[in-house]
Amino acid sequence: MTYKETVAWMFEQLPMYQKKGVDAYKGKLDNIISFASHLDNPQNKFKSIHVGGTNGKGSSSHMLASILQEAGYKVGLYTSPHLKDFRERIKINGKKVSKQFVKDFIANNKSYLDYNGLSFFEMTVGMAFTHFACEKVDIAIIEVGLGGRLDSTNIITPEVSLITNIGFDHMQILGDTLEKIAMEKAGIIKRTVPVVVSEKHVKTEMVFKLIAGQLKSKLIFAEDVLFPKYKLGLKGTYQSKNVKGVLACLKELKGFKVKERHIENGLVNVVDNTGLLGRWQRLGKSPLIICDTAHNEAGLKIVTQQIKEQQYKELFVVLGFVNDKEVIKLLKLFPEEANFIFVEPKIPRALKLEDLESIVSQVGLNATFIRSVSAGYELAKSKAKKNDMIYIGGSTFVVAEIL
């Protein structure tokens with residue numbers, strides 16, 4: 001198969017959660033443990049940092065990778081989902097895994113994958129871990145896909161675990177209270193391995209203390225630690241919370257020499273070093289055009305607060321959602337005087353435009369409905385004047401279509 005055919009097979013043959021939703025979620029580790037054994041357990045051949053949480057885990061993972069790259073290390077980075085190209089998920093020092101490796105890995109393991117019916121995510125994790133082991137990375141930053149306890153990445157024993165925060169997302173899988181969600185996220189804590197929690201919350205603090213105590217793992221709440229302020233390359237006021245977790249995590253990382261200049265340069269050069277996209281990313285200046293992949297209440301609360309802090313005459317908001325979100329709650333976060341353009345991303349899990357119209361009618365917004373994301377974006381650009389602002393988001397998949 002060509003690279004294009006290989007990736008198409010991965011997407012279509014076996015379900016991926018991002019596109020299909022709950023039906024694609026396996027919720028057990030048997031398959032990935034067996035697959036790792038088939039691959040000669042590559043996860044045991046490199047050091048790692050495991051990053052989980054509701055929001056901020058992608059940004060935190062990229063910051064960690066960037067700083068360790070600046071310190072001269074060969075750094076693997078596994079993240080999800082991708083925005084444009086599948087290979088964004090698997091990088092070493094900012095360089096995407098080669099198309100040849102992707103093709104060869106699937107070709108060499110296709111009979112196993114066919115016979116055992118692995119999910120898209122399970123085979124991708126196996127691919128990433130094999131790539132990092134083959135390339136002998138000094139350390140890999142591994143971002144949790146969903147939850148933690150039963151996530152396919154949770155077969156590693158990291159040097160440090162980082163949990164960014166706990167918020168309401170994927171409740172149909174992880175639970176409907178912050179405490180239940182925290183229990184799932186805390187599943188990445190390993191015996192005697194230090195764990196950093198970026199943000200402390202009264203409802204989840206005891207969950208982390210209980211589990212870390214049972215596993216004799218040192219627990220650090222990053223917001224309780226004083227750190228110097230650094231200039232950040234990633235825009236968005238919310239990054240100041242993520243960076244505390246990153247700094248606390250590095251403090252607990254033994255055997256790696258990271259100096260002040262590495263931290264300074266790493267935090268400024270995150271995008272150049274790692275190729276991160278879609279975090280308060282500016283696409284235009286006049287009018288100001290911003291896109292962000294925030295897609296749940298906790299994430300959008302911070303992003304919409306930042307929108308309100310911008311200087312603009314009129315605000316145009318291009319939004320689309322997937323079908324498992326509490327959309328009315330999310331819409332109420334945006335300035336109600338904005339001009340809304342609602343769109344439908346091109347994935348099976350998308351919230352259909354007809355359903356969106358019905359929901360929006362209950363809120364009473366100034367709204368236009370256009371099925372295509374690109375057409376909605378073009379409409380916003382045609383209407384906005386140079387002193388206006390355009391925001392595009394609501395779903396990772398909306399942002400992916402305009403980048």
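Student: Leaving aside its neighbours within four places in sequence, which residues is Ser59 in contact with?
Tutor: They are Leu234, Gln239, Asn242, Leu276 and Arg279. Contact means heavy atoms within 4.5 Å. This is a predicted model: local features need pLDDT of at least 70, side-chain atom pairs count only at pLDDT 80 or more, and totals for chains, interfaces and linings use all residues. Residues are numbered from 1 along each chain as its sequence is written, and side-chain values use heavy atoms, leaving out hydrogens and water.

Student: Why does Ser59 count as buried?
Tutor: Buried means under 20% relative accessible area, exposed over 50%, and partly exposed in between (1.4 Å probe, protein chains only). Ser59 has 2% relative accessibility, so Ser59 counts as buried. Ser59 lies in helix H4.

Student: What is called a helix or a strand here?
Tutor: Both are DSSP runs, numbered from the N terminus: helices are H or I, at least four residues, and strands are E, at least two.

Student: Why are H4 and H11 called oblique to each other?
Tutor: Helix H4 (residues 57–70) and helix H11 (residues 260–268) pack at about 130 degrees, their axes 8 Å apart. Axes are lines fitted to C-alpha atoms, for helices over the stretch in contact, and angles run from 0 to 180 degrees between N-to-C directions. Under 35 degrees is roughly parallel, over 145 roughly antiparallel, 65 to 115 roughly perpendicular, and the rest oblique. H4 and H11 are therefore oblique.

Student: Which residues of H4 and H11 meet?
Tutor: Met63, Ser66, Ile67 and Glu70 in H4 meet His262, Ile263, Asn265, Gly266 and Leu267 in H11.

Student: How do you know that S1 and S6 pair?
Tutor: Two strands pair if DSSP finds at least two bridges between them. Strand S1 (residues 48–52) and S6 have four bridges, in the parallel sense. Ile49 has Val160 in S6 as its bridge partner. S6 is also joined to strand S7 (residues 195–197) by three bridges, again parallel. There, Leu162 is partnered by Val196 in S7.

Student: What makes both faces of strand S6 covered?
Tutor: Val160 and Leu162 on one side are buried, and Ser161 and Ile163 on the other are too.

Student: In the open sheet of six strands, what is the order?
Tutor: The order is S9-S10-S14-S11-S12-S13, with mixed pairing.

Student: What makes S9 and S13 stand at the edges?
Tutor: Strand S9 (281–284) and strand S13 (367–369) each have a single partner strand, so one side of each lacks a neighbour in the sheet. From one strand to the next, the twist averages 20 degrees.
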